[in-house]
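Subject: Structure for your review

Dear colleague,

Please find the structure below, followed by an account of what was found in it. I would be grateful if you read the two side by side.

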Amino acid sequence: MKKVSEDAICLADFLPYRLSVLSNRISRAIADGYEEKFQLSLPEWRVMAVLGEESDLSAAQVAERTAMDKVAVSRAVNKLLDSGRLERHFSPEDKRRSVLTLSAEGRTIYNEVIPIAVGYESRILDQLSAVEKEALTSLLDKLETIQLQA
């Protein structure tokens, strides 16, 4: 990492910045494939993606899994509930706690967006060798572990 001065950094070489920009670019590229067709924002898709993998989660659990701000999750959840893409009901284990699940319409949209997302991921990963893919996975796993311990 190049240091610009004692109180500045070169963002182009700063790992957190690079990871954030790359993540945003990839997410934006994938979103371009579904936003207009489904009138679905990126935060809404992230909520749907989490609930497509695991149902009956609270909004707080969705926020935790997506690392999104609770306010952003709340807005996305409300829009998805209003549009009929999500349903809210009480948890079977704890009748005081409400949980979210994809509605039938939400599940249909989820099933249509997944191939778009996976296709984009494939176009990226196809540019890497098997050794590079393995190294990428290993490095991402290690960075997640380091970040969670910090």
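Helices (H or I, at least four residues) and strands (E, at least two) are taken as DSSP runs and numbered from the N terminus. The model is a predicted one, in which local features need pLDDT of at least 70 and side-chain atom pairs count only at pLDDT 80 or more, while totals for chains, interfaces and linings use all residues. Residues are numbered from 1 along each chain as its sequence is written, and side-chain values use heavy atoms, with hydrogens and water left out.

Overall architecture

The protein chain contains 7 helices and 4 strands, arranged along the sequence as β-β-α-α-α-α-α-β-β-α-α. Its C-alpha atoms occupy a box of roughly 55 × 35 × 25 Å along the principal axes. The accessible surface of the protein chain is about 10300 Å², and carbon and sulfur atoms account for 54% of that area. These areas come from the Shrake-Rupley method with a 1.4 Å probe; for residues, only the protein chains shown count as cover. Of the 150 residues in the protein chain, 25% count as buried. Here buried stands for under 20% relative accessible area, exposed for over 50%, and partly exposed for values in between (1.4 Å probe, protein chains only).

Contact means heavy atoms within 4.5 Å. Among contacts between residues at least 6 apart in sequence, 46% join residues at least 24 apart.

The UniProt record, an unreviewed entry, places the feature "domain: HTH marR-type" at residues 12–145. UniProt positions follow the numbering used here, feature names are shortened, and annotations may be inferred rather than shown by experiment. In the model, the span 12–145 is 69% helix and 7% strand, and its end C-alpha atoms lie 24 Å apart.

Salt bridges

A salt bridge is counted when a side-chain nitrogen of Lys or Arg lies within 4 Å of a carboxyl oxygen of Asp or Glu. The structure holds 6 salt bridges. One of them pairs Arg-28 with Asp-32, at 3.1 Å from N to O. Because Arg-28 and Asp-32 are 4 residues apart in helix H1, about one helical turn separates them. Arg-28 is partly exposed, with a relative accessible area of 36%, whereas Asp-32, at 53%, counts as exposed.

Arg-28 also forms a salt bridge with Glu-35, and here the closest N and O atoms are 2.9 Å apart. Glu-35 is partly exposed, at 24% relative accessibility.

A further salt bridge links Glu-112 and Lys-37, with 3.8 Å between the closest N and O atoms. Glu-112 lies in helix H6 and Lys-37 in helix H2 (residues 35–38), so this pair ties together parts that are 75 residues apart in sequence. Glu-112 is partly exposed at 36% relative accessibility, and Lys-37 is exposed at 57%. Through shared partners, salt bridges join Arg-28, Asp-32 and Glu-35 into one network.

The nonpolar surface patch

Which residues form the nonpolar patch on the surface? They are Leu-15, Leu-19, Leu-136, Leu-140, Leu-143 and Ile-146, and together they present about 470 Å² of accessible area. Patches are made of residues with over 30% relative accessible area and no salt bridge; like charges are joined within 9 Å, and nonpolar side chains (Val, Leu, Ile, Met, Phe, Trp, Tyr) within 5 Å. Helix H1 (15–32) and helix H7 (130–149) each supply at least two residues of the patch, and H7 gives the most, with 4 residues. Leu-136 is located in helix H7 and counts as partly exposed, at 34% relative accessibility.

Two individual positions

Ser-103 sits in the loop between strand E4 (98–102) and helix H6 (104–125). At 5% relative accessibility, Ser-103 is buried. The side chain of Ser-103 reaches the backbone oxygen of Gly-84 at 2.5 Å. Setting aside neighbours within four places in sequence, Ser-103 is in contact with Gly-84, Arg-85, Leu-86 and Glu-87.

Ala-72 belongs to helix H5 (residues 70–82) and is partly exposed, at 26% relative accessibility. Ala-72 and Val-47 are 25 residues apart along the chain, and their C-alpha atoms are separated by 9.9 Å.

With kind regards

Notes. A polar contact is a pair of N or O atoms within 3.5 Å; within protein, one must be able to donate a hydrogen and the other to accept it, and residues adjacent in sequence count only if both atoms are side-chain atoms.
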